[in-house]
Amino acid sequence: MVEEAVFRLFDELAAKDAGEHVAVGPRLAELGWSDIEAEYPIEACQLLFRAQGRSLAHTDCLDRVMVAELATLLDEPVDGIVLPDLVAGYTPGSDSDRVAGIVLGPLDGRLVVPVSGAMGAVSIGVIEADRLTGQRLDTFDPSAYWTQVSGPLDVALVDASTEWNRAIAAAHRALATELVALADQALRIAVDHVKVRVQFGAPIGSFQSPRHALADASAVLEGARALLGESWRYGGRLSAQTAKAAAGRAHRAVADAALQVSGAIGLTAEHELHRYVTRGFQVDSLCGSYLQLEALLGERLFDIYAPGRPLPAIVTRAED
């Protein structure tokens, strides 16, 4: 019942506020969301990002997830967070003198600014949005409202290295969940298409080439889903990075196959497939794309590997 209510809420937001960035907190409060989050924190977060991916709504869910991990360091409520630039990946682009990054939605309210320090340390400060300069980005997904922000940073900073690692890991799991949901929808559209598109007197889904393409993409997606489930279950920064990388690559595999079997109509603005493809590519770029994260994971393995030393575990399981 809760799942149906959340899906219905996000569908309403997507239909009513198309192209707008919505603060979803007040609407969730009507569902008694704080009690649900307190009792089922993992399932609640998963549900929000599954609903966001399926509905294509634009909300502040990612800000909520990351700010929750930084809450112990914040004296007053904040409205959002300055995310790393796309080129920077998951490393904050701001330094002790200047703000640089991306805000999801319009530039407004009080913002948390993560600041990179020496040896990978991260501090945070809080700044009023009206002290920054913002420019709406020309995004790959034209319905996304992202703002490039910059400006001087002259606020008190507190060390947040541990909290930031938790926040970025939470973001990776949340974004991976949204990517899997987007890929699910794209795959469903493609499967429905090959069932009804007829060539040579038969549905194209009866031919080996489209069937194999979609089956291969589905296998990649299921692998990413399984890895994501383990990351949600056991946590950890490395597993979260891996889950996001796997989800991004799976979305790409599904997008390639879906566009191929759908033919020219799948590329048109009138067809719904492109919405899940472009949104997925947009979401993948946040906090490190799958290509950036795969490179990062590869560098880490080479840094710590030595003959005879085991590779690090992505997920671990307790013995039965």
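**A close look at the sheet and its surroundings**

Modeller: Happy to. Three strands form an open sheet in the order β2-β6-β5, and their pairing is antiparallel. Strands here are DSSP runs of E with at least two residues, helices are runs of H or I with at least four, and both are numbered from the N terminus. Two strands count as paired if DSSP finds at least two bridges between them. The edges are held by β2 (98-104) and β5 (133-136); each has a single partner strand, so one side of each has no neighbour in the sheet. On average, neighbouring strands are turned by 20 degrees against each other, direction ignored; the axes are lines fitted to C-alpha atoms, with angles between N-to-C directions running from 0 to 180 degrees.

A word on the ground rules: this is a predicted model, in which local features need pLDDT of at least 70 and side-chain atom pairs count only at pLDDT 80 or more, while totals for chains, interfaces and linings use all residues. Residues are numbered from 1 along each chain as its sequence is written, and side-chain values use heavy atoms, with hydrogens and water left out.

Back to the strands. β5 and β6 (residues 146-152) run antiparallel and are joined by four bridges, and Arg-136 stands opposite Thr-147 in β6. Between β2 and β6 there are seven bridges, again antiparallel; here Leu-104 has Trp-146 as its bridge partner in β6.

Now the cysteines. With a disulfide taken as a pair of cysteine sulfur atoms within 2.5 Å, the count is zero. For Cys-61, the closest cysteine sulfur belongs to Cys-45 and lies 8.0 Å away, too far for a bond. Cys-287 is in no disulfide either, as its nearest cysteine sulfur, that of Cys-45, is 13 Å away. Cys-61 is buried at 1% relative accessibility, and Cys-287 is buried at 2% (buried is under 20% relative accessible area, exposed over 50%, partly exposed in between, with a 1.4 Å probe and protein chains only).

Finally, the lining of the largest pocket. Its elements giving two or more residues are α4 (41-55), α5 (61-70), β1 (80-81), β2 and α6 (161-196). α5 gives the most, with six residues. The lining divides into 18 nonpolar, five polar and eight charged residues, where Ala, Val, Leu, Ile, Met, Phe, Trp, Tyr, Cys and Pro count as nonpolar, Asp, Glu, Lys and Arg as charged, and the others, Gly among them, as polar.
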